[in-house]
Structures are given as C-alpha cells and as structure tokens.
Amino acid sequence: MGSIGNFMTIYAVVSNRSLRTTPNVLIASLAVADSATTIFTLPLLYSRLQFPEFFYDHEWLCKGSTYLLVPFKTVAINHLEVIAANRYAIIVLSRHHRYNKLWGKVATGAMIAAMWIAAAILTLLPLVGFGEVGFSMKRGTCGYLQRNIFSWWYKTIVFLNVFQSCVIASPLCFLLVLKKIRASKRRVNVCAMQTTARGRGISREELIITKMVMLMFLFFVVSWLPYIGSHFLSAVVDIPVVLSKSLLVFALSSSSFNAVIYATTNTHFRKSFGRWFQFTRSTNVSSVVT
C-alpha cells in the first residue's frame, strides 16, 4: 500500500500542472525515495528478521540489505529539511530578490541531485573501511559489526544527520514560519486568508502546503526519534535486540503514510489521486472486456 501511495504522489505531480511547484517537485522526489524504501528496504528487512539463517548463508544479500537501510532514508531526511527551508523562504523571505534564483527549476534540480549523491557517498563509506557490514552473531541479524570501532561512529554520523534535521534545522524553519503566519494574522481579517508578508500576500494554497509538510515532518520525527534514541543509549546500556528491531521497523514504516497526509490536507493531490483510481479502474475494466 505504501508503494501505491508514493506512486500516486509522483503521478499527481507529473500529470497535474498546478502541482508542478518547487515544494511539490521536492515532495515527488521524496516519494521516489519512499517508494524505494517500501519496495526494497522494508521487504528485505522483514525477510532478514524472519529468516536470519538464509541471510547468514548469503553474505552478499546480508550486506546489500544493510546498505539499503541508509541511502533512501538519508534522502528523505534531507528532502524534509530542504522543504522546510523552502517554506521559510517563501513565507518569511517572500520578497527576497534571490528567491527565484535559489528555488528555480535548475537550482531545485541541482539540490535534488546533490541530496541523492550525498546519500550515495554516505552509504558507501563502509566499503572504504569506515565501518563494517556483515552478520552479527550476537544480534542474530545483519548490520554494522561492533568489532569494527568505526561502525558505531558511522551509525552516529548517520543519526546526527537525522538529529540536526529533525531537532535543529527543520524545527527552526517551521517555528519561524509559524511565527510569521501568526504575526500576519494579527494584522488582517483571519477569514480573508490573505496576509501581508513584506508586501506580498501569503496565499491560502501556501498555507495549506505548509500545514501538509509540517504534518509530514511531525510524523517522521515521531517515527524515527525512538530508534535514534535507542542507538545513543546503546553506548551505555544494552538495548534488547527485539526492541531495537521493532523500533527500526516502525521507523521505516513511516515511508508508507505520506500519501495519506497529502490526500487529507491538499485538494489538488486528492483530485489527482481520484483520477489515478479512475484510470486504473477503467484499465482493469477494458482488460476484462478484451
């Protein structure tokens, strides 16, 4: 179901001209990463938790499933941070003369490419000795082996990226955005939904998008912080293997629910999702008739 929701998100942005805006293009790229998580990472994770002996006998699959844990979620985290920065730029700095240059098509495409490349580099660090991937006999599953001193530090770097995004950068952007919206609402009639931000109105559509991405971010934080906290606690106390595995599955499952947020908060996405279902239904009917 998560894959279908993410595919519908990509379809909505590609097929609907009104959705081809900078934040929505970033959301479509985020949906690509979430699709990869639900198609590759989650099934492999479930499989290696259920059939550890099979992954022990197939080292290449064991290592591959571990490597896939990092890139797609790193991309997702960085996308959320960039989307938060975009909301800050368009609402708080809406008349900044560099906005179009920094958030135009070329610049947005470059940012997306940079995020994917950075995630790939981070993922491949264990291949050059910064950490070690393999089957852990102690934990009974594949992962980063603690016998290599750099494994803990590698995971710490990955989680610090999550921490700075989820606890510092993105919340700061959203708090400043909320402060600006609240200050603007004091100056105008709330029912009009038109405010003045340095001479430029904050449209209803921009407020809806801001609400949507804030909900995405909040859900992501709630999903991932327990697992991140368990990692740092593991430096001083032993975390039960079952608890660690359960928190990881819960964290990765967050990739399946963003489409629900889009559909419930954004009319354009909801209509595009409706057209997707109509198209698939008509295709199924025509195939049956044929």
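Contact here means heavy atoms within 4.5 Å. Keep that in mind, since contacts come up throughout this talk. One caution before we start: the model is predicted.

Leucine 252 sits in helix α10, residues 241-252. Is leucine 252 buried or exposed? Leucine 252 is buried, and its relative accessible area is 0%. Which residues does leucine 252 touch, if we skip those up to four places away in sequence? They are Thr37, Thr41, Leu42, Leu45, Leu69, Lys73 and Trp224. Take Leu69 from that list. Leucine 69 and leucine 252 are 183 residues apart in sequence. In space, C-alpha to C-alpha, they are 8.7 Å apart.

Now the whole protein. The secondary structure comes to twelve helices and four strands. There are 290 residues, and 47% of them count as buried. Look next at contacts between residues at least 6 apart in sequence. Of these, 73% join residues at least 24 apart.

On to helix pairs. Two packed helices are described by the angle between their axes and the distance between the axes.

Our opening pair is α2 and α7. Their axes are 11 Å apart, and the packing angle is about 25 degrees. Angles under 35 degrees count as roughly parallel, so α2 and α7 are roughly parallel to each other. Their crossing is right-handed. Who makes the contact? From α2 come Thr22, Val25, Leu26, Ser29, Val32 and Ala33. From α7 come Thr108, Ile112, Met115 and Trp116. By class, this contact of α2 with α7 has seven nonpolar residues, three polar and no charged ones.

Our next pair is α9, residues 204-233, and α11, residues 258-265. Their axes come within 10 Å and cross at roughly 155 degrees. That makes α9 roughly antiparallel to α11. The crossing of α9 past α11 is right-handed. On the α9 side, the residues are Ile208, Met212, Leu215, Met216 and Phe219. On the α11 side, they meet Asn258, Ile261, Tyr262 and Thr265. By class, the contact of α9 with α11 has seven nonpolar residues, two polar and no charged ones.

Stay with α9 for a moment. Threonine 210 is found in this helix. Threonine 210 is buried, at 1% relative accessible area. Leaving out residues up to four places away in sequence, threonine 210 touches Arg87, Ile91 and Val177.

Now for the cores. How many residues are in the largest nonpolar core? The count is 54. Six of its members touch the most others: Met212, Val213, Trp224, Tyr262, Phe269 and Phe273. Which helix gives the largest share of this core? That is α9, with twelve residues.

Tyr67 leads us to helix α4, residues 59-67. The buried residues of α4 are Leu61, Cys62, Ser65, Thr66 and Tyr67. What do these buried residues pack against? The helices are α2, α3, α5 and α7. The strands are β1, at 133-136, and β2, at 141-144.

That's the tour.

Conventions
Residues numbered from 1 in each chain as written. Predicted model: local features only at pLDDT ≥ 70, side-chain atom pairs only at ≥ 80, totals over all residues. Heavy atoms only, no water. Axes fitted to C-alpha atoms, helices over the stretch in contact; angles between N-to-C directions. Helix = DSSP H or I, 4+ residues; strand = E, 2+ residues; numbered from the N terminus. Parallel < 35°, antiparallel > 145°, perpendicular 65-115°, else oblique. Left-handed = near helix turned anticlockwise from the far one by under 90°. Nonpolar A, V, L, I, M, F, W, Y, C, P; charged D, E, K, R; others polar. Core = buried A, V, L, I, M, F, W, Y, C linked by side-chain atoms within 4.5 Å. Buried < 20%, exposed > 50% of the residue type's maximum accessible area, 1.4 Å probe, protein only.
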